[in-house]
Amino acid sequence: MRLNQTQKIGEVVSNFKTQKVKTDCPKLIMHPQQIFTKQQLWNEFIIEFQMEYRREFKRSNDNLANIKVLFYYFLNDLEFFNCENLIHAENEPSFKKGLMVVGSYGIGKSAYFKVFEKIFNKHKVLRFKGYGAKDLVKSYEVCPTPFDRSYMLDKTVRPKLFIDDINSERIASNYGNCDVIEEILFKQNEKKYMTYVTCNHTNHENNIEQTLFDLGNRYGGRMHDRFFEMFNIVVFKGKSMRR
Ligand SMILES: Nc1ncnc2c1ncn2[C@@H]1O[C@H](COP(=O)(O)OP(=O)(O)OP(=O)(O)O)[C@@H](O)[C@H]1O
Ligand SMILES: [Mg+2]
């Protein structure tokens, strides 16, 4: 209605009725196997691996067993539970848990996750973001204020997060010590977010029980207990492929 008065534009706009967008319709969540068949994912993986590392993917028995467990996991294929390098003792494997991939040097732990990160970037249900544990510590240390430090941690924590090479980082020192990775893992668990990590064995015998025990010592009791709740534990086998 015209009032024959001048009105501020903000007042006029605030009187407009905004139409609410209906948000209560069920969201269509794609199952990973509707996005890729195993063969399609394999084809993409081989191409991305070649592009990223300028070398062909070597198919030794160990490599194939290592990559297989990741494929079945990400595709939510029940064959995952039969994989020989999935650890069953102490914790129950589940698609609701993330992944802790443990293995010796140079056997593809970082490389495979990097390739999956690239491929999955186009697909919301599978998309994850990866960081190196050491890089996270460095980013924390350069934060000038407590606000920046807390912001840095909050923006790292997310529904699907990958941290490469945990237990390789030192404790951050920035006006007091902070175990950055422990803090991030704790927050991921608190929010029931999905976390993928890789790490090396802590002992020359590549004994997984010892490695888990040492990780418990490194990150403390509160985290050690949560590892079994957060992760499917996978052991990669084989020899280094660094040339
Ligand atoms: N199946 C494979 N075929 C060919 N090259 C491979 C294969 N797996 C890994 N590589 C190559 O081996 C090198 C080491 O791999 P990567 O960095 O993933 O090792 P890693 O297990 O993360 O080792 P580290 O524990 O030292 O971090 C990379 O250059 C990678 O491209
Ligand atoms: Mg690595």
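Student: What makes the reach of helix H9 (residues 208–219) close to the expected one?

Tutor: H9 has 12 residues and reaches 16 Å from its first C-alpha to its last. The expected span is 1.5 Å times one less than the number of residues. That gives 16 Å for H9, so the reach is close to it. Helices here are DSSP runs of H or I with at least four residues, strands are runs of E with at least two, and both are numbered from the N terminus. This is a predicted model: local features need pLDDT of at least 70, side-chain atom pairs count only at pLDDT 80 or more, and totals for chains, interfaces and linings use all residues. Residues are numbered from 1 along each chain as its sequence is written, and chains are lettered from A and ligands numbered from 1 in the order in which they are written.

Student: Why is Phe49 called buried?

Tutor: A residue is buried if 20 or more other C-beta atoms lie within 10 Å of its own, exposed if 12 or fewer, and partly exposed in between; C-beta atoms are placed from the backbone. Phe49 has 21 C-beta neighbours inside 10 Å, so Phe49 counts as buried. Phe49 lies in helix H3 (residues 38–53).

Student: What is Phe49 in contact with, leaving aside its neighbours within four places in sequence?

Tutor: Phe57 and Val115. Contact means that the two C-beta atoms, placed from the backbone, lie within 7 Å. Phe116 is 67 residues from Phe49 in sequence, and their C-alpha atoms are 9.2 Å apart.

Student: Back to H9. Which of its residues are buried?

Tutor: Ile208, Thr211, Leu212 and Tyr219. They cover an arc of only 95° around the axis, so they sit on the same side of H9. The arc is that of the directions from the helix axis to the C-beta atoms. The face turned away from this buried side carries the exposed residues Glu209 and Asn217.

Student: What do the buried residues of H9 pack against?

Tutor: Strand S1 (98–103), H8, helix H10 (221–230) and strand S7 (231–235). Just after H9, Gly220 takes a positive phi of about 90°.

Student: What puts the buried residues of helix H6 (residues 133–141) on one side?

Tutor: The buried residues are Ala133, Leu136, Val137 and Tyr140. Their arc around the axis is only 100°, which puts them on the same side of H6. What covers them includes helix H7 (146–156), strand S3 (160–164) and helix H8 (180–190).

Student: How do you know that H6 and H8 are roughly perpendicular?

Tutor: Their axes are 9 Å apart and the packing angle is about 100°. Axes are lines fitted to C-alpha atoms, for helices over the stretch in contact, and angles run from 0 to 180 degrees between N-to-C directions. Under 35 degrees is roughly parallel, over 145 roughly antiparallel, 65 to 115 roughly perpendicular, and the rest oblique. H6 and H8 are therefore roughly perpendicular.

Student: Which residues meet there?

Tutor: Ala133, Leu136, Val137 and Tyr140 in H6 meet Val180, Ile181 and Ile184 in H8. They divide into 7 nonpolar, no polar and no charged. Nonpolar covers Ala, Val, Leu, Ile, Met, Phe, Trp, Tyr, Cys and Pro; charged covers Asp, Glu, Lys and Arg; the others, Gly among them, are polar.

Student: Which residues of helix H4 (residues 61–74) are buried?

Tutor: Asn66, Ile67, Val69, Leu70, Phe71, Tyr73 and Phe74. What covers them includes H3 and helix H5 (109–120).
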